[in-house]
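Student: I have a new structure to look at and would like to go through it slowly. Could you take my questions as they come?
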Amino acid sequence: MKNAMQTTIDSAGRLVLPKMIREEAGLLPGMSLQVSVREGRIEIEPVPRQVRIVQKGPLRIAVPVEEGPALSGATVEEVRRGIRERGE
């Protein structure tokens, strides 16, 4: 992130993440997050969705164990663009 933002922690230990940061990180209301401390820094990241592998015709695909929000077209396109840029 290019611009750091300042926030505070309330007496109950709650931290409000500014909207701009939530949007850039793709964090949505109700999303489970993993919080850790590494080398003196607090890291917050989405908990990876659990999947199971199923056979679909000749392919094996990953299917989420629990339903979640659908990916937006913009998210899919962003990932595709990133893959193309890396040459994968």
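Predicted model: local features only at pLDDT ≥ 70, side-chain atom pairs only at ≥ 80, totals over all residues.

Student: Where does E39 lie?

Tutor: E39 sits in the loop between β1 (33-38) and β2.

Student: And what about its backbone, what is the phi of E39?

Tutor: The phi of E39 is positive, at about 50 degrees, although E39 is not a glycine. As background, most residues other than glycine have a negative phi.

Student: Which residue in the turn of the β3 and β4 hairpin has a positive phi?

Tutor: That is G57, with a positive phi of about 65 degrees, and the hairpin formed by β3 and β4 has two residues between the strands.

Student: How many bridges join β3 and β4, and is the pairing parallel or antiparallel?

Tutor: The two strands, β3 and strand β4 (residues 59-64), pair in the antiparallel sense over six bridges. As one example of a bridge, Q55 has R60 in β4 as its partner.

Student: Changing topic, is P48 buried or exposed?

Tutor: P48 counts as exposed because its relative accessibility is 61%, and P48 lies in the loop between β2 and β3 (51-56).

Student: How far apart are P48 and R14?

Tutor: From C-alpha to C-alpha, P48 and R14 are 22 Å apart in space, while in sequence they are 34 residues apart.

Student: Now the pockets. How much space lies in the largest pocket?

Tutor: The largest pocket holds about 730 Å³ of space, and its lining is made up of 23 residues, with M31, P46, V47, R49 and P69 lying nearest its centre.

Student: Which element gives the largest share of that lining of the largest pocket?

Tutor: Helix α1 (residues 19-25) does, with three residues; by class, the lining of the largest pocket has 12 nonpolar, six polar and five charged residues.

Student: And what volume does the second largest pocket have?

Tutor: The second largest pocket has a volume of about 440 Å³, and 18 residues line it, of which L15, L17, I21, I42 and I44 are the closest to its centre.

Student: Which elements give two or more residues to the lining of the second largest pocket?

Tutor: Those elements are α1 and β2 (41-46), and the largest share of the lining of the second largest pocket, five residues, comes from β2. By class, the lining of this second largest pocket has 14 nonpolar, two polar and two charged residues.

Note on methods. Residues numbered from 1 in each chain as written. Heavy atoms only, no water. 1 Å grid on protein atoms, 1.4 Å probe; cavity = no way out; pocket = protein on both sides within 12 Å on 5 of 7 lines; lining within 4 Å. Points joined across faces, edges and corners; volume = space filled by probe spheres on them. Helix = DSSP H or I, 4+ residues; strand = E, 2+ residues; numbered from the N terminus. Nonpolar A, V, L, I, M, F, W, Y, C, P; charged D, E, K, R; others polar. Buried < 20%, exposed > 50% of the residue type's maximum accessible area, 1.4 Å probe, protein only. Pairing = 2+ DSSP bridges.
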